[in-house]
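I opened a new notebook page for this structure. The entries below record what I looked up.

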Amino acid sequence: MKNYKKILALLLTAVMVISLAGCKSKSTSTQGNNDVKTANQGAGTTKEADTAQETGELVTGTTQGVSADNDLVIAVETSISSLDPHNLSDTLSISATRAMYENLVMFDENMKIVGQLAESYEISDDSLTYTFHLRKGVKFHDGTDFNAAAVKANFDRFMNKDNNLRIRGRFILTEGDVETDRIKSIETPDDNTVVFQLSAPYSPFINKLTLVPMISPAAIEKYGNDGLITNPVGTGPYIFKEWVEGDHMTATKNPDYWGTKPGVDSVTMKEVPEAGSRTAMLQTGEADFIYPMPSDQISAVKTTGDITVNATTSTIMRYVTLNTNLKELSDVKVRQAMNYAIDRNAYVQLMYAGYGAPATSVMAPSISYYSEQPAYEYNLDKAKSLLAEAGYPDGFKLTLWGDNSTQEVKGMTFIKQQLEQIGIEVEVVPMEPATVSDKIYVPLEEAKINMWYVNWSPSSCDADGAMRALFYSKMCPPTSANTAYYNNTEVDKLLDQGISSADPSELTKIYAEAQSTIWKDAPWLFLGNDQNIFANKTYLTGVSVAPDGAINFANATLTQ
């Protein structure tokens, strides 16, 4: 039996020294774009993660108390990168924009797709025509009418290649150097009807529409691509007030909202990268809700009385991307060796106090068409042997980038210590989130990345969303998030087959083969799948965290 207490004690000692330097800095974790099989995906295989701890309420508040005001404050670990909903790559920014923006369709609390700005929709038998019937009487925050023309204006904006918006990648097919729009045409027969004609069947299409917020056409014209980053104008329950980059974003109640009016006057997302500070803010009432709740501090809030802590299943995949273009990392034996050097049980215990599980595939077990892979067991002898076979018996040096939050630095320190056991010397480089993003999303010839400690969760709730942006050869930066520069033509073919099929049994085989191939190629250090742990004052209701880590606060209510 491994001496976990000794391992954890050594790691925590090292982490304390490093984390103090960044405890007042900003942070972010790039996630992407979530969870379980939906009714639109057929009967793909799903499996709940085996975890050391149960999901559900971990701490039950015994006293309710009252809020000092009707302004909701949410303390978060990471940084908002942009408020342009068509050009986002991280889940926190998606959470922030959902305060102001809405989609044609959305996921409900049971992760089923339902209408939002569209009251209903129909799909033709050949899966090529999608007809949406829009909600009437809805206006954007600037008074512009929401209608079919507005929907078309949004698609025209991000499908324009010259605008270089990330959301476009979800609606194009790339074969070699040829790009084909998956949407053949958009028709607007009247103000309340939009008809999408696809160029070929695209099974995730309806799921992808849950990630297409509608921007006021007048705002698109007024602000342009650069201006929309800081001037959100949507139809949502909250109206943008201010964004102080690196500190907070605030939105106020929309008194003219078409749906159920918000129960709070304002919502502020406050960036607090240091874990202990977030917990302290909740205890004192400076914050009403925090995410993530540090798992190692759960016991500390049990005596507070007016705090509730919850753990829910997530679709978050924790990993370290390995730049396969780098000479040392171009050999699959090296990448496999590095995976055998990682004690994933110790990782989950250190990072999440057992509220999670070691990675068993390239995506979380709760995602449709998940396929469990043979474990990379912790085996230093095997790791050293593979390194020697690859010509590196004495190891080599690498840099590891990541955000500068307490938790991210702790994770990077763990990876550093694990890899040094097989002779790989790692320099941990914590950075401001914006700096990391600037260094990552650059043309290939400018890429300096060795390794990146990061995570991903597919908010579109489909297997394609869990893999395409990360492993498809044409999705390398700056286009998308294939930061390993992974290039396998067989995987490309499988992913393309997956989006062209609607047969659950066929999809099960396709996605299982894709996962197996990627797992063996090891373009990542596969780490773990943690649970979403969040905490709130007992006087707050109606705020939750979705499986992808997005915070939902549209129905927030504060008892006063």
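**Entry 1: ground rules.** I am working with a predicted model, in which local features need pLDDT of at least 70, side-chain atom pairs count only at pLDDT 80 or more, and totals for chains, interfaces and linings use all residues. Residues are numbered from 1 along each chain as its sequence is written, and side-chain values use heavy atoms, with hydrogens and water left out.

**Entry 2: strand E22.** I took helices (H or I, at least four residues) and strands (E, at least two) as DSSP runs, numbered from the N terminus. Is strand E22 buried or exposed? I counted as buried anything under 20% relative accessible area, as exposed anything over 50%, and as partly exposed what falls in between (1.4 Å probe, protein chains only). In E22 (residues 532–537), 6 of the 6 residues are buried, so the strand is largely enclosed by the rest of the structure. In a regular strand, side chains alternate between the two faces of the sheet. I therefore listed E22 by face: Asn-532, Phe-534 and Asn-536 are buried on one side, and Ile-533, Ala-535 and Lys-537 are buried on the other.

Next I looked up its partners, where pairing requires that DSSP finds at least two bridges between two strands. Strand E14 (residues 289–291) pairs with E22 in the antiparallel sense over 2 bridges. Strand E15 (residues 307–312) also pairs with E22 in the antiparallel sense, over 6 bridges. Asn-536 in E22 stands opposite Phe-289 and is the bridge partner of Thr-308.

**Entry 3: a sheet of 4 strands.** I found an open sheet with antiparallel pairing and the order E5-E6-E10-E9. Strands E5 (118–123) and E9 (183–190) stand at its edges with a single partner strand each, so one side of each is left without a neighbour in the sheet. Neighbouring strands here are turned by 20 degrees against each other on average, direction ignored. For such angles, axes are lines fitted to C-alpha atoms (for helices over the stretch in contact), and values run from 0 to 180 degrees between N-to-C directions.

E9 is joined to strand E10 (residues 193–198) by 5 bridges, and the two run antiparallel. Ile-186 stands opposite Phe-196 in E10. Helix H3 (residues 148–159) lies across E6 (129–134), E9 and E10, running at about 160 degrees to E9.

**Entry 4: rings.** How many aromatic pairs does a search of the whole structure find? It finds 25. Rings of Phe, Tyr and Trp (its six-membered ring) pair if their centres lie within 6.5 Å; planes under 30 degrees apart count as stacked, over 60 as edge-to-face and the rest as tilted. Tyr-392 and Phe-396 have ring centres 5.0 Å apart and planes at 75 degrees, so this pair is edge-to-face. Tyr-392 is buried at 17% relative accessible area, and Phe-396 is buried at 9%. I also noted one aromatic cluster, whose members include Tyr-121, Phe-155 and Phe-196.

**Entry 5: helix H13.** The buried residues of H13 (residues 489–499) include Val-491, Leu-494, Leu-495 and Ile-499. The buried residues of H13 pack against strand E7 (172–175), helix H12 (463–471) and helix H14 (504–521), contact being heavy atoms within 4.5 Å.
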